[in-house]
Protein chains: 2
Amino acid sequence: MTVMGAGESAKYSCARLNDICEVVLDLDEKYNIERKKFGVVTPTDINYFKSVLSEDRVLTDESEVMPFNIDWIKNCRGQSQVVLKPKTVEEVSQILTHCNAKKLAVCPQGGNTGLVGGSVPVFDEIVLSLALMNKIISLDEISGSLVCEAGCILENLEQHAKEHNLIMPLDLGAKGTCHIGGVNNFEDILKLYRSAKLSLGEILSAFEMADAAAIDACVSSLKLTNPISSYPFYVLIETHGSNETHDSEKLGGFLEQEMASGLILDGTVSSDPNKIHAMWTLRESISTAVLLDGYVFKYDVSLPLKDYYKLVPKLKQRLGPTARRVCGYGHIGDGNIHINVSIPAYDKRTLEMLEPFIYEEVAKLDGSISAEHGIGFRKPHYIHYSKDATSLQLMKDIKQLMDPNGILNPYKVLPD
Amino acid sequence: MTVMGAGESAKYSCARLNDICEVVLDLDEKYNIERKKFGVVTPTDINYFKSVLSEDRVLTDESEVMPFNIDWIKNCRGQSQVVLKPKTVEEVSQILTHCNAKKLAVCPQGGNTGLVGGSVPVFDEIVLSLALMNKIISLDEISGSLVCEAGCILENLEQHAKEHNLIMPLDLGAKGTCHIGGVNNFEDILKLYRSAKLSLGEILSAFEMADAAAIDACVSSLKLTNPISSYPFYVLIETHGSNETHDSEKLGGFLEQEMASGLILDGTVSSDPNKIHAMWTLRESISTAVLLDGYVFKYDVSLPLKDYYKLVPKLKQRLGPTARRVCGYGHIGDGNIHINVSIPAYDKRTLEMLEPFIYEEVAKLDGSISAEHGIGFRKPHYIHYSKDATSLQLMKDIKQLMDPNGILNPYKVLPD
């Protein structure tokens with residue numbers, strides 16, 4: 001691993017990789033970003049960190065550090081040589097005071113599950129892992145408020161809440177009822193969504209859509225079962241109320257009405273946790289299934305609902321036979337659509353056909369270029385499609401105010 | 001009305017008044033705040049504003065300006081001599097560019113319904129009224145998102161939403177069912193709240209409490225009817241779901257269970273909009289009813305639910321016969337309690353018994369000194385009970401960044 005000095009104008013190479021076993025820095029695909037003039041970690045710094053944390057919470061062994069350098073979709077690789085694992089706010093404070101004094105750049109890292117390269121270092125930034133800051137500080141059983149440290153993972157919070165007869169709002173509840181239906185066109189999905197909000201109101205907990213190409217990836221590549229016949233569009237509707245009888249009655253009435261109206265052409269409904277799990281597995285496997293096509297360009301944008309699906313056919317037309325698959329799926333309620341474009345192998349020409357085209361189209365429709373995945377390292381040069389120059393300057397000024405040496409997660413979110 | 005010059009070290013007098021007809025500046029109760037060295041509005045400025053806005057949207061007549069100088073609870077009076085009523089963002093931008101260049105202080109004002117003196121000028125700040133920026137920009141009927149200008153009032157938004165078969169989430173829906181019950185002590189209220197969350201879950205839209213002293217103010221001073229017998233504590237529970245039959249069934253089951261358990265001692269329930277309105281009138285009249293006692297010190301704090309009611313008996317004990325009434329009422333779900341202390345007439349000694357005592361107690365219980373009413377002009381010198389020095393400095397730095405000349409709403413929120 002190359003060590004880059006503070007004065008070097010080294011170039012960063014960020015490989016697009018689908019397999020951690022094939023970590024190769026592909027120079028053709030590199031991002032031309034220069035390392036900023038930060039300090040370089042010295043043995044003196046390491047000794048200081050060991051004095052603040054215990055020795056076993058300062059990782060410097062290459063194989064131990066490696067997983068913190070690569071994000072989970074193996075899309076970006078950093079070159080950090082130190083991982084620090086503080087357990088308390090005081091330890092974080094001591095580390096950051098030192099790093100500010102020595103102008104050492106820092107990359108804070110949680111679960112490293114980001115999709116835009118925001119959670120891995122770019123050059124040799126120190127990784128500040130929050131994994132051990134995982135204490136649940138309090139749970140007020142009356143109000144239902146839970147306070148926890150930044151490194152807590154959802155699964156543990158769910159377990160803790162369950163022990164107190166509560167659920168995490170992100171949890172898929174045992175009382176839920178789930179429905180998968182086929183419909184004919186996207187207009188019908190919007191009509192169905194309005195109708196679901198009226199009929200199911202406060203118990204409607206999810207309204208997800210996927211197009212035929214997305215479901216097909218699960219069926220053909222992952223051999224999952226589609227519980228209904230083939231349709232151009234699918235919806236997954238979940239309800240989650242406090243009274244199972246009432247909920248089934250509401251959902252039943254809604255389905256009956258909309259199968260009669262023709263908005264739903266076919267469907268299956270279940271409140272059996274295993275079957276619900278199977279339905280969600282189908283929806284949640286799309287992302288993985290499409291990866292098996294070869295190389296995948298993944299976009300996560302939000303759009304006004306009336307224009308929610310517009311970009312998918314537009315991209316299909318633009319790419320023609322170049323694309324193996326262009327599919328769309330996402331959370332209708334949020335206006336958030338995931339657009340995946342797969343090709344047999346990474347190809348720069350396809351990238352150039354996609355970007356900035358897709359961001360220009362999103363901006364024209366008053367959408368946002370990043371819905372739930374953030375800007376990270378991948379999208380700073382596209383942020384101007386969603387934010388004007390004044391907002392960007394203000395964001396930079398506030399960042400500068402709170403991080404005057406710019407040592408925290410450099411090269412991310414805001415363009416230089 | 002005195003005009004204060006930029007260099008004068010004039011003192012600001014903020015009278016505590018209960019009647020707009022008796023606007024008297026009581027110098028004994030003044031706040032010792034010096035006017036900052038802002039510019040003074042000249043005829044040239046007025047002419048400029050008239051060129052930007054039309055003439056009728058620049059108010060300078062003393063009687064026209066007066067209502068913008070006094071807040072709705074007649075607690076604070078400013079000394080502005082100009083009110084500007086822009087209609088567009090461009091007009092606001094032109095006004096603020098001019099005011100920044102001339103260092104003229106500005107007090108932006110919405111509905112002027114604040115309770116902490118945040119919305120009225122302190123000295124001669126220009127009032128920038130947003131009343132005419134009341135356009136509804138868009139309503140997406142599918143997602144239910146409404147975008148509107150800053151001066152829109154809730155009533156108009158409700159009307160607009162209703163025309164599209166939607167409601168504002170703050171609205172009291174026609175489908176709601178409402179219950180008022182008596183319970184014996186505060187512990188029982190917390191038990192009842194937990195039980196209501198379990199049984200009513202997603203349809204529970206309000207859980208309000210009031211103590212006997214609060215309800216008594218409505219009954220004795222406003223001659224309102226208490227629909228049930230006298231109890232130390234009252235709760236108002238409202239449900240609001242999409243299926244009236246289901247909702248009544250859930251609420252009925254809950255009431256039956258909790259009357260049997262003894263948590264609810266007596267109660268009345270209704271889904272008749274007129275009766276629901278009467279129940280809410282009782283709850284919402286408390287604030288006005290207490291005002292009829294004489295002078296009222298009003299506190300709006302949030303506390304952890306287990307300590308939610310602790311301060312009321314503590315203040316009762318501390319004040320003894322000095323207080324005519326010490327009562328508590330509020331939104332249990334938010335942890336937000338309104339504590340009102342009434343005395344026959346304003347008296348500084350009582351104020352000194354209350355403050356900073358009440359804020360110290362709130363801080364000890366890890367509460368917040370301002371729950372839903374903000375900090376405004378009234379509470380900057382108490383904000384340190386809820387925010388540490390680092391947070392306050394950061395807030396000041398961000399304010400300075402966005403308003404480098406400090407012309408926007410000076411003397412408010414952040415202490416000097």
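Let me begin with a term: a residue is called buried when its relative accessible area is under 20%, exposed when over 50%, and partly exposed in between, using a 1.4 Å probe and the protein chains only. What you see is a predicted model, in which local features need pLDDT of at least 70 and side-chain atom pairs count only at pLDDT 80 or more, while totals for chains, interfaces and linings use all residues. Residues are numbered from 1 along each chain as its sequence is written, chains are lettered from A and ligands numbered from 1 in the order in which they are written, and side-chain values use heavy atoms, leaving out hydrogens and water.

With pLDDT being the predictor's confidence in each residue, from 0 to 100, chain A averages 84, and 90% of the residues score at least 70. Over residues 1-29 of chain A, however, the pLDDT is below 50, although the model gives this stretch 88 contacts beyond near neighbours in sequence, a contact meaning heavy atoms within 4.5 Å.

Of the 416 residues in chain A, 47% are buried, and the chain's secondary structure comes to 13 helices and 15 strands, taken as DSSP runs numbered from the N terminus, with helices being H or I of at least four residues and strands E of at least two.
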